[in-house]
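I opened the notebook to look up a few things in a new structure. The entries follow in the order I made them.

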Amino acid sequence: MDVPRLVVAAPASGTGKTTVATGLMAAFAERGLAVSPHKVGPDYIDPGYHALATGRPGRNLDAYMCGPELVAPLFAHGAAGCELAVVEGVMGLFDGASGEGELASTAHVAKLLKAPVVLVVDASSQSRSVAALVHGFASFDPEVRLAGVILNKVGSDRHEELLREAMEEVGVPVYGALRRTPRVATPSRHLGLVPVAERSTEAVDSVGASAAMVREGCDLEGLLGLARSAPPLLTEAWSPGPSGVDVSGLRPGPRASNAGGAGSVVAVAGGAAFTFSYAEHTELLRAAGAEVVAFDPLHDETLPEGTAAVVIGGGFPEVYAPELSANERLRKAVAELARSGAPVVAECAGLLYLSRSLDGRPMCGVLDADAEMSGRLTLGYRDAVAVTDSVLAPAGARLRGHEFHRTMLEPGAGPTPAWGMRLPTRRVEGFVQGGVHASYLHTHWAARPDIAHRLVQWSGAR
């Protein structure tokens with residue numbers, strides 16, 4: 001595969017990496033290039049801005065959840081037919097999974113993709129010292145090709161001059177110098193940036209402002225030439241199709257017919273309250289034979305016609321608890337489907353929606369548990385084992401995921417828990433009852449394509 005590509009990284013979070021990466025994607029897309037957007041790590045929010053900038057699905061490259069061996073194939077799948085790929089890093093360049101060395105870091109992914117790295121440096125409180133910082137990052141791992149920098153939050157022409165002189169001393173090219181400006185500010189809250197689906201017009205304006213800033217301050221031709229210098233990537237593209245998926249051990253659920261679930265309607269929650277999803281999940285469900293139909297729990301009073309299974313991913317139900325609670329007809333419809341034994345798979349926000357209450361407001365009541373906002377952030381990768389045979393995985397199956405929330409659920413696990421966690425502490429978590437699988441754990445099904453096949457087979461034809 002010979003797609004020009006570059007990785008946009010930073011020394012740390014908060015340097016403006018997302019603004020620069022999104023601006024580059026949008027600026028190149030405005031030139032008529034087909035740009036493939038990618039994000040290192042599990043984050044759901046940044047890819048929404050990437051998709052807005054490029055008109056293509058924002059895709060994640062996570063070497064922890066999916067394994068290093070899938071990073072290049074997933075990249076090739078997303079970048080197929082494109083003329084440029086821009087990969088936004090996560091945290092600092094060398095920050096990866098806790099206690100796992102380089103695993104899942106931006107540097108790790110850059111090496112797996114054989115991609116040049118451009119470092120976005122917050123230069124607001126330094127001049128010549130920027131050279132020492134960049135020199136350290138450039139020399140830390142010789143296998144990482146740190147090919148240039150973009151200087152962000154530059155104060156003046158004189159400041160830029162001093163910074164460029166410093167960079168000449170270490171021989172690292174400067175591909176841009178961006179002035180401090182409030183026009184590209186993106187609002188944040190308790191879990192990071194506000195998702196695109198909640199901002200609409202403002203998000204479009206923000207992406208446009210990022211593109212304008214990059215056009216004015218970056219050497220786009222130089223960056224495109226850098227991307228084209230990446231060597232061919234010898235890999236086969238990942239496919240959501242059935243090839244290589246072992247379905248021999250999948251047993252149908254109580255609702256399944258001899259059709260094995262083919263043609264079943266799988267309703268996937270969306271809208272402003274449920275914005276967290278990976279594009280590959282829908283692709284896998286369709287490849288398994290399902291008809292995937294979106295619904296919005298904030299506004300739709302009924303499930304899509306013919307719904308045989310429901311998937312409710314992550315998002316911000318705590319922000320929309322009054323509206324979700326007020327939609328009583330849909331809450332009852334979800335509860336009725338769950339009681340029937342149909343598959344209902346819920347992650348994080350979906351878990352809260354299925355609970356008895358959220359911050360005192362009635363939810364679906366599928367689970368005997370209550371949720372509320374907490375001042376404590378729960379964040380990190382998890383190594384999990386399925387405790388109970390379920391619609392999502394057979395007992396004993398191992399997979400990796402991540403948690404990211406500021407809510408608490410009491411109790412945190414049902415009589416038949418979903419997962420056994422090894423880190424950071426040993427515990428059981430989640431709920432399995434009938435066809436319901438509900439948990440705080442976010443998973444990436446590309447690592448376990450049998451999940452989608454299992455869910456569709458259990459759903460049955462209706």
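How many bridges join S1 to strand S5? I found 3 bridges between S1 and S5 (residues 117-122), and the two strands run parallel.

Before going on, I noted the ground rules. This is a predicted model, in which local features need pLDDT of at least 70 and side-chain atom pairs count only at pLDDT 80 or more, while totals for chains, interfaces and linings use all residues. Residues are numbered from 1 along each chain as its sequence is written, and side-chain values use heavy atoms, with hydrogens and water left out.

**Entry: strand S1**

I took strands (E, at least two residues) and helices (H or I, at least four) as DSSP runs, numbered from the N terminus. Two strands pair if DSSP finds at least two bridges between them. In S5, Val117 is the bridge partner of Val7. I also looked at strand S4 (residues 84-88), which is parallel to S1 and joined to it by 4 bridges. There, Val86 stands opposite Leu6.

Next I checked burial (buried is under 20% relative accessible area, exposed over 50%, partly exposed in between, with a 1.4 Å probe and protein chains only). In S1 (residues 5-9), 5 of 5 residues are buried.

**Entry: Ala418**

I found Ala418 in the loop between strand S17 (398-410) and strand S18 (419-421). Ala418 counts as buried because its relative accessibility is 1%. I looked up its contacts (heavy atoms within 4.5 Å). Leaving aside neighbours within four places in sequence, Ala418 touches, among others, Val385, Val387, Phe431, Val432 and His437. Ser439 is also in contact with Ala418; the two are 21 residues apart in sequence and 6.8 Å apart in space, C-alpha to C-alpha.

**Entry: confidence**

I read the pLDDT, the predictor's confidence in each residue, from 0 to 100. The protein averages 91, and 90% of the residues score at least 70. Over residues 248-261 the pLDDT is below 50, and this stretch has 34 contacts in the model beyond near neighbours in sequence. Where pLDDT is low, the predicted coordinates should not be read in detail.

**Entry: helix H9**H9 (279-287) supplies 6 residues, the largest share, to the lining of the second largest pocket.
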